[in-house]
Amino acid sequence: GGGGGGGGGGGRNFSTMIRAEVEYKDLVSWINKQTNPTFRWERLQSKGPGRFEIRLKNQRDLQEIISLDGKSLNGRRISVGGQGSGGFGSSGSQRPRGRPLDDNAKRAVGSFLQNAAKNSPPKTLKLEQMASQHRSFDFGNTHFVREMANLIKSNMPDVEKILLSSNNIHRLSPLEPLAKALTKLTHLSLANNPISNLEDIRYLRELRQTLEHLDCTGCPFLTEMKAEIILYAAKETLPNLLTFNGVPATDVISFNMPSSLIKGVTPKPKGAFYSDEKTKNITEAFIKSYIQIFDDISRREYLDQFYLHHSCLSISYAPSQNVQRYQGGQNRNIVQGRVTIPEISQRLICGKSEIVTTLKKLPMMQHDLSSFVPDATMHSNTATRLTMININLRGTYWESKSQNDGQKRYFHRVMLLAPAPNANPTNTAIANDMLYLGELVDVNFNN
């Protein structure tokens, strides 16, 4: 299971809150089912009715548990995130933290902000090292932050840039009132603050409509993950970011890009590729023999000669597919199926007999051999003296026994061939097979 024992030693802990009106044992079982086998926690502790604190060992596991936010258990919504009672998964306002400010402290806050406004460029507040100027200036104290937010909202409603670098800010959750008050903020600097959790960026979600430039240079969480992952998380909360840490915040992954945007940028597709002549001969012979039997639905049982006993097969379908008519295997398309990682692994078809049974259930197909574009590379392991061929094949097929009475679709297949003497004329067999049945060929793609 995913529950790690106690343990501990040194090292940094990562923790977050889970809110769910469920029993402890049910929550443990649910977490185990929803997470990867490698997921581990150090401790899951009840913090009162419907509130649990989970402590983890690394940022990766923390991000995985946060990804469960919004899912349900026994019909009850699970909220994940934040620390204590003021997490971003909770409803209502945050419970204040720290001591309330007395009149002297409030006057000190007002005086400092007034001087900062005078000494800063227009629509800018330079508040670097503010925390070191007065003992009440504690950015972990919600009362202090709210006082700041109210003063800025009343006296400087047009502020667009705030510099909060070097203020000993550990968490961003107390800054939520400030984020709500800054309705026109486009620039925010949190540089050189000891912010250690990437998830804290979510507390800036009130700025998602306006914030364009965020600087977190020098914050410890930047060393926990690759820059691309951190940028992706930042843009998920703040979609209008133009720069992050002074670097253009270009999308890491883009979908549905207009063809006009990528025209002339991406290279033209090339034809088939083979690492050498031997690879070409084996690949072409294997594909021809395999497809010849596959397309004859009455002979698909003979496909067993093309698989090893321990082979694996996965099948996924394009969103436009009518999956009901494809009875062979469950859909592993995680976008369409909205399934979890454990469920995905259960949809893997393993073993020669199971694979052949699945392929026999697929409807009649007729592949267009002239459309095939294979990329095949031979890999040799000198230690084991084992040679394998990786085939990446794309092409089209008709959903019938001929091109005259069926719809034409794209397909994409990745096969790993291993030596299998006397199994078939090519003396090779599939160790791993991934089949994707794609979109209709006659669809007019604008993206």
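Visitor: Which strands does helix 11 lie across?
Guide: In this predicted model, helix 11, residues 352-361, lies across strand 14, strand 15 and strand 18.

Visitor: And at what angle does helix 11 run to strand 14?
Guide: About 35°.

Visitor: What's the strand order in the open sheet?
Guide: The order is 13-16-17-18-19-14-15, 7 strands with mixed pairing. The edge strands are strand 13 (273-274) and strand 15 (349-350), and each of them pairs on one side only.

Visitor: How many bridges do strand 14 and strand 15 pair over, and in what sense?
Guide: Strand 14, residues 307-317, pairs with strand 15 over 2 bridges in the antiparallel sense.

Visitor: Which strands does helix 8 touch?
Guide: Helix 8 (residues 277-294) packs on the sheet and touches strand 13, strand 14, strand 16 (366-381), strand 17 (386-398), strand 18 (408-419) and strand 19 (428-440). The direction of helix 8 makes about 135° with that of strand 16.

Visitor: How many of the lining residues are nonpolar, polar and charged?
Guide: The lining of the largest pocket has 7 nonpolar, 3 polar and 3 charged residues.

Conventions. Residues are numbered from 1 along each chain as its sequence is written. This is a predicted model: local features need pLDDT of at least 70, side-chain atom pairs count only at pLDDT 80 or more; totals for chains, interfaces and linings use all residues. Side-chain values use heavy atoms; hydrogens and water are left out. Two strands pair if DSSP finds at least two bridges between them. Helices (H or I, at least four residues) and strands (E, at least two) are DSSP runs, numbered from the N terminus. Contact means heavy atoms within 4.5 Å. Axes are lines fitted to C-alpha atoms, for helices over the stretch in contact, and angles run from 0 to 180 degrees between N-to-C directions. Ala, Val, Leu, Ile, Met, Phe, Trp, Tyr, Cys and Pro count as nonpolar, Asp, Glu, Lys and Arg as charged, and the others, Gly among them, as polar.
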